[in-house]
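Colleague: I am new to this structure and would like to learn how to read it. Could you walk me through some of its features?

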Amino acid sequence: AKDPVRVLVTGAAGQIGYALVPMIARGVMLGPDQPVLLHMLDIPPAAEALNGVKMELVDAAFPLLKGVVATTDAVEACTGVNVAVMVGGFPRKEGMERKDVMSKNVSIYKSQASALEAHAAPNCKVLVVANPANTNALILKEFAPSIPAKNITCLTRLDHNRALGQISERLNIQVSDVKNVIIWGNHSSTQYPDVSHATIKTPSGQKPVRELVSDDDWLKGEFIKTVQQRGAAIIKARKLSSALSAASAACDHIRDWVLGTPEGTWVSMGVYSDGSYNVPAGLIYSFPVTCRAGEWTIVQGLSVDEFSRKKMDATAEELTEEKALAYSCLS
Ligand code: NAX
């Protein structure tokens with residue numbers, strides 16, 4: 001039998017946490033033959049709710065779940081973890097300035113970076129979900145200098161999956177027959193969902209999305225907007241933000257990173273930019289990546305037309321501004 005993998009979920013008493021921990025305990029994230037030890041962190045006001053989640057995990061009698069740590073102590077939570085999914089953060093409340101929200105999250109991610117750096121297992125893989133996801137991940141990277149930059153990522157897989165979903169709905173085809181969309185940039189409304197290289201499986205082989213969706217206005221307009229604004233649409237409908245799809249996407253992100261992407265398929269991940277596609281180095285930016293043996297690689301050599309270039313640059317600019325704002329909160 002395999003040794004259990006320790007998985008940290010911060011903000012585990014929250015909405016996404018509640019959807020995510022049972023998925024992890026069922027093997028959705030790391031595979032049906034991989035035992036797991038769950039570490040759940042939240043803050044003291046949520047301690048009782050967190051304990052309730054722990055009780056439910058016990059009650060669910062998941063065969064793969066070999067133990068649960070539920071704590072409000074970041075050091076205890078981070079000790080020995082192999083995978084860290086950072087969902088906890090300070091939400092934007094009505095009337096709050098962007099700088100105030102940033103400042104709260106910068107201080108959370110700075111201190112959790114230190115706890116991970118000092119106590120996580122070597123080669124721990126980190127996924128930041130909490131918003132502003134890209135910039136929280138960047139702060140985490142800056143304050144955990146001994147964790148390799150390639151181990152720190154943020155979630156744009158939900159946006160990627162939303163793009164697949166929109167194409168499948170539009171063409172009335174199976175979502176599993178659509179692949180290789182790209183989310184470029186920030187997990188925010190400036191993200192660029194790009195179908196330039198996306199394909200669809202047909203009886204006569206892979207066909208470009210651009211060929212099958214003949215309405216270019218839709219692809220360049222409503223499609224992009226729908227994916228960018230989907231989070232807000234879910235809040236409007238549910239009166240709560242997306243949780244099950246976010247949890248599912250977090251599992252997809254880690255699973256593909258650890259177990260690899262299928263041959264000929266790429267996915268979107270927010271990763272530390274090396275300057276590929278003329279994206280400024282030193283940002284956490286969403287790129288198309290393939291994964292193998294636990295490592296992601298940015299897909300190289302894709303053509304970028306003028307329309308795409310502008311959108312990729314605009315979202316990079318926003319991230320550069322966010323980075324400056326985050327740094328101004330540090331001083
Ligand atoms: P909730 O408010 O339901 O849960 C957040 C939890 O984090 C709460 O239980 C809170 O007590 C806890 N928390 C706060 N500060 C903490 C700290 N310092 N350490 C540990 N835990 C802490 O929000 P939820 O709907 O679960 O969303 C969580 C985060 O995901 C938000 O920042 C949200 O904006 C972000 N999202 C990111 C997405 C993505 O694709 N990257 C999509 C979904 C979601 O909107």
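**Reading the model step by step**

Modeller: Let us start with Ala130, which sits in the loop between β5 (125–128) and α5 (133–142). Please keep in mind that this is a predicted model.

Colleague: Does Ala130 count as buried or exposed?

Modeller: The idea is to count neighbours: a residue is buried if 20 or more other C-beta atoms lie within 10 Å of its own. Ala130 has 23 C-beta neighbours inside 10 Å, so it counts as buried. Beyond residues up to four places away in sequence, Ala130 touches Gly11, Met86, Val87, Gly88, Gly89 and Asn136.

Colleague: Where does UniProt place the feature "binding site"?

Modeller: The unreviewed UniProt entry lists several positions, among them Gly11, Gly17, Val129 and Ala130. Gly17 is found in helix α1 (residues 15–25). Gly17 counts as buried because it has 25 C-beta neighbours inside 10 Å. Setting aside residues up to four places away in sequence, its contacts are Val9, Gly11, Ala12 and Val87.

Colleague: Which residues touch the most other members of the largest nonpolar core?

Modeller: In soluble globular proteins, nonpolar side chains tend to be buried together. Here, the largest nonpolar core has 96 residues, and Val85, Val128, Val129 and Ala250 touch the most other members. Leaving aside neighbours within four places in sequence, Val128 has contacts including Met86, Ala133 and Leu155.

Colleague: And how do strands β10 and β11 pair?

Modeller: Strand β10 (residues 199–202) and strand β11 (residues 205–208) run antiparallel, paired over 4 bridges. A hairpin of 2 residues joins β10 to β11, and Thr199 stands opposite Pro208 in β11.

Definitions and conventions: Residues are numbered from 1 along each chain as its sequence is written. This is a predicted model: local features need pLDDT of at least 70, side-chain atom pairs count only at pLDDT 80 or more; totals for chains, interfaces and linings use all residues. A nonpolar core is a set of buried Ala, Val, Leu, Ile, Met, Phe, Trp, Tyr and Cys residues joined through C-beta atoms within 7 Å. A residue is buried if 20 or more other C-beta atoms lie within 10 Å of its own, exposed if 12 or fewer, and partly exposed in between; C-beta atoms are placed from the backbone. Two residues are in contact if their C-beta atoms, placed from the backbone, lie within 7 Å. Two strands pair if DSSP finds at least two bridges between them. UniProt positions are given in the numbering used here, feature names are shortened, and annotations may be inferred rather than shown by experiment.
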